[in-house]
Amino acid sequence: MKFHGSDQYVATQDLMLAVNAAVTLQRPLLVKGEPGTGKTMLAEEVARALGLPLLQWHIKSTTKAQQGLYEYDAVSRLRDSQLADDAARVKDIRNYIVRGVLWQAFASEQPVALLIDEIDKADIEFPNDLLRELDRMEFYVYETRELVKARHRPIVFITSNNEKELPDAFLRRCFFHYIRFPDADTMKAIVDVHFPGLKQELLSAALKTFYDVRGLPGLKKKPSTSELLDWLKLLVAEDIPAEALHSQDDKVAVPPLVGALLKNEQDVTLFEKLVFMQRHNR
């Protein structure tokens with residue numbers, strides 16, 4: 001299996017090499033990068049390009065590793081035993097084992113892609129708790145005393161926004177790739193995929209404004225690729241002309257619909273101060 005990009009996802013050469021290296025090594029691909037740089041979409045597009053089903057496990061702060069394997073629903077079993085309608089069902093504990101995403105991936109009749117999304121949201125022990133399962137592709141179900149082994153090794157994608165450092169033992173078992181923020185040429189290619197008929201004058205003005213905003217020192221949250229795409233969608237929907245995106249003297253101006261790019265009041269205030277200072281800098 002080789003990933004060569006797709007018509008809906010602009011993958012740089014080094015990103016395609018990273019995906020294919022992880023597949024060759026049969027190791028999880030750990031993808032880091034700014035929020036909104038397409039980490040989750042990468043797994044979706046690789047699965048689509050390779051013709052594989054995609055199973056997704058979106059991690060929360062309360063997620064435990066065990067939930068990815070299975071959970072024993074003791075409450076339902078107790079309720080059924082009290083009702084006494086089906087003693088045979090209650091007796092068989094397998095009826096109360098709920099398979100997690102990892103088990104589903106291991107049991108699949110065909111190879112699958114598996115996304116473990118935003119692993120850094122969970123507590124620090126979460127990655128360590130998955131070391132054996134991701135390494136050996138097997139786990140033990142204590143309630144039924146059975147060993148579950150993967151029929152096919154899934155292609156595993158793990159994303160992180162760098163909110164927490166991941167353990168060294170976990171990192172050793174992954175192939176790592178950092179998605180750098182796209183340069184102007186790559187970003188233009190990304191926009192062309194989503195807005196193929198966009199006027200070049202509007203695109204050039206929008207990209208200049210976007211990178212001007214990103215380049216502002218002191219921003220709490222820099223606008224990402226996904227926010228640029230949202231902003232462009234609004235500009236097209238409201239029929240905003242390219243001239244509205246820059247001032248006559250080519251200095252930084254507050255762009256229309258700036259709320260699509262800047263997401264907190266500190267950044268908006270900072271940007272407005274910069275514009276005010278430039279306009280009054282004689």
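Predicted model: local features only at pLDDT ≥ 70, side-chain atom pairs only at ≥ 80, totals over all residues.

Entry one, helix α2. I began with α2, residues 39–50, whose 12 residues reach 17 Å from first C-alpha to last, close to the 16 Å expected at 1.5 Å a residue. I then asked which residues of α2 are buried, and I found K39, L42, A43, E45, V46, A47 and L50. Looking for what these buried residues pack against, I listed α1 together with the strands β1 (29–33), β2 (54–58), β5 (113–117), β8 (155–160) and β9 (175–179). Just after α2, I noted that G51 takes a positive phi of about 70 degrees.

Is N20 buried or exposed? Its relative accessibility is 11%, so I count N20 as buried, the cut-off being under 20%. Leaving out residues up to four places away in sequence, I found that N20 touches M1, K2 and F3.

I looked up how helix α11 (residues 200–214) meets helix α12 (residues 225–237), and their axes come within 11 Å and cross at roughly 135 degrees. That angle makes α11 oblique to α12, and α11 passes α12 in a right-handed crossing. On the α11 side the contact is made by L202, A206, L207, T209 and F210, and on the α12 side by L228, W231, L232 and L235. Sorting the contact of α11 with α12 by class, I recorded eight nonpolar residues, one polar residue and no charged residues.

Methods
Residues numbered from 1 in each chain as written. Heavy atoms only, no water. Axes fitted to C-alpha atoms, helices over the stretch in contact; angles between N-to-C directions. Helix = DSSP H or I, 4+ residues; strand = E, 2+ residues; numbered from the N terminus. Parallel < 35°, antiparallel > 145°, perpendicular 65-115°, else oblique. Left-handed = near helix turned anticlockwise from the far one by under 90°. Contact = heavy atoms within 4.5 Å. Nonpolar A, V, L, I, M, F, W, Y, C, P; charged D, E, K, R; others polar. Buried < 20%, exposed > 50% of the residue type's maximum accessible area, 1.4 Å probe, protein only. Expected span 1.5 Å × (residues − 1).
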